[in-house]
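Me: I have a structure open beside its sequence, and I would like to learn how to read it one feature at a time. Could we begin with a single residue and then move on to the strands and helices?

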Amino acid sequence: MTAYLDYNATAPIRPEARDAMVAALSQPGNASSVHAPGRRARRLVEEARAKVAALAGVEPAWVTFTSGGTEANNLALGGLASQRKLVSAGEHDSVLQAVPEGQRIALTPDGLVDLEALSAALAAALEGSLVSVMLANNETGVIQPLEAVVALAREAGAWVHCDAVQAAGKIPLDMAALGVDLMTLSAHKLGGPPGVGALLARPELPLQPLQRGGGQERWRRAGTENLPGIAGFGAAAEVALRDLPAIAALAELRDRFEAEAKIIAPGLKIFGASVARLPNTSCVAVAGLPAETQLMALDLAGVAVSSGAACSSGKVQPSHVLTAMGASAQEAASAIRVSLGWNSSAEDVDRLLAAWGDLYRRSQAA
Ligand SMILES: Cc1ncc(COP(=O)(O)O)c(C=O)c1O
């Protein structure tokens, strides 16, 4: 059995989500139909909406289901008629590519959005701009200072979008307390199916749909609802909320991995080690030991981790996140990401450490 330690790429589906999907697949109705099967389908969609809303501490009416985090990010950034878009340099590609014209806000060496740079950019921006800063980074797990970002944006009359795809189900989420206007979630990062996500926003926000057609999702996202996907998302969100303490406890395993890896390789660099991070994520590098070599050796030993951004596994350029944190090309090229989740065990970490230690010692002997 593989020791799967790549939850930030995608989490294995939770049994509760699979069961909810199977049940929904047997449900014939279209949620827009007025007959009884249609009303049953509608009920499933609305039950899931309430569960997803509860995960983020918002009203169900704030939830617009989408085809995933990528679509929700595109809707957030493209659906508001904002004057100027300011996005942190560490955002996921689905934010960066959605606004190629957007102004990039630098990261500090710890991986935090540079608040002074954001403040200066906001001072030069017009009222009605849009700031997009993720809650937690997919590569390093670094948690961003969203309260400070919102305070600066409010002073400048700007809206705030927060990509919470990696934070949801790993740390408590309270969208209202954070004060952001828009928030992105994705089901497959928290044990739901891929291909379904949500954009959360107050109903009165002037958000225009990007995808035109029917009036589904209160005119914010046209298209027949993906009933099995949405049902699976709802079930996963419910369990993820319940299991937050268990995910928080993964920090102990993560810390053990980092402490023992540092004994094996004293030169190990741990990205974002001195700031708040997700409990499940570790991004480490030993300069001169290429990530691809590590990935292959670990794969042969039955351990799955990743290098660079999860959604772009296979891409050869150094990670834009690590580069924005000031990592050298060599460091970035040797960084691997270990990400734990709901089904991870101490044995998985033991296997990782044994295989990684072997490889490291072989590389030193060569
Ligand atoms: C931070 C972040 N945002 C957005 C996405 C895209 O989500 P999806 O895969 O649902 O399109 C990802 C996927 O890796 C992500 O890590």
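Me: Is Gln27 buried or exposed?

Reply: A residue is called buried when its relative accessible area is under 20%, and in this predicted model Gln27 has a value of 15%, so it counts as buried. Gln27 sits in the loop between helix H1 (15-25) and helix H2 (36-56).

Me: Which residues does Gln27 touch, leaving aside those up to four places away in sequence?

Reply: Leaving those aside, Gln27 is in contact with Pro37, Arg40, Ala41, Leu44 and Leu227. With Pro37 there is also a polar pairing, in which a polar atom of the Gln27 side chain lies 3.0 Å from the backbone oxygen of Pro37.

Me: Let us turn to sheets. How should I read the pairing of S5, S6 and S7, and which residues are bridge partners?

Reply: In general, the strands of a sheet pair through backbone hydrogen bonds, and they do so in either a parallel or an antiparallel sense. Here strand S5 (residues 130-132) pairs with S6 in the parallel sense over 3 bridges, and Ser132 has His161 of S6 as its bridge partner. Between S5 and S6 the chain passes through helix H6 (residues 146-155), forming a β-α-β crossover that is right-handed. S6 is also joined by 3 bridges to strand S7 (residues 182-186), again running parallel, and there His161 has Leu182 as its bridge partner.

Me: How many residues of S6 are buried?

Reply: Strand S6 (residues 159-163) is mostly covered, since 4 of its 5 residues fall under the 20% cut-off for buried.

Me: What is the strand order in the open sheet of 4 strands, and which strands stand at its edges?

Reply: The order is S9-S10-S13-S12, and the pairing is antiparallel. Strand S9 (269-270) and strand S12 (306-307) stand at the edges, and because each has a single partner strand, one side of each is left without a neighbour in the sheet. S9 pairs with strand S10 (residues 281-285) in the antiparallel sense over 2 bridges, and Lys269 has Ala285 of S10 as its bridge partner.

Me: Which helix lies across S12 and S13, and at what angle to S13 does it run?

Reply: That is helix H11 (residues 291-300), which lies across S12 and strand S13 (335-339) and runs at about 40° to S13.

Me: How should I read the span of helix H14, and which of its residues are buried?

Reply: A helix can be compared with the span expected at 1.5 Å a residue; helix H14 (residues 346-365) has 20 residues and reaches 28 Å from its first C-alpha to its last, close to the 28 Å expected. Its buried residues are Asp348, Val349, Leu352, Leu353, Ala355, Trp356, Gly357, Leu359 and Tyr360. What covers these buried residues includes strand S1 (3-4), helix H10 (250-264) and strand S11 (303-304), together with H11 and S13.

Me: Finally, what should I notice about phi in Arg218 and Trp219?

Reply: Most residues other than glycine have a negative phi. In this model, however, Arg218 has a positive phi near 50°, and Trp219 has a positive phi near 65°.

Me: Where are Arg218 and Trp219 found, and how accessible is each?

Reply: Arg218 is placed in the loop between strand S8 (197-201) and helix H8 (227-242), and Trp219 is found in the loop between S8 and H8 as well. With a relative accessible area of 49%, Arg218 is partly exposed, whereas Trp219, at 61%, counts as exposed because the cut-off for that class is over 50%.

Notes
Residues numbered from 1 in each chain as written. Predicted model: local features only at pLDDT ≥ 70, side-chain atom pairs only at ≥ 80, totals over all residues. Heavy atoms only, no water. Buried < 20%, exposed > 50% of the residue type's maximum accessible area, 1.4 Å probe, protein only. Polar contact = N/O pair within 3.5 Å; in protein donor to acceptor, adjacent residues only side chain to side chain. Contact = heavy atoms within 4.5 Å. Pairing = 2+ DSSP bridges. Axes fitted to C-alpha atoms, helices over the stretch in contact; angles between N-to-C directions. Expected span 1.5 Å × (residues − 1). Right-handed = clockwise from strand over helix to strand, strands pointing away.
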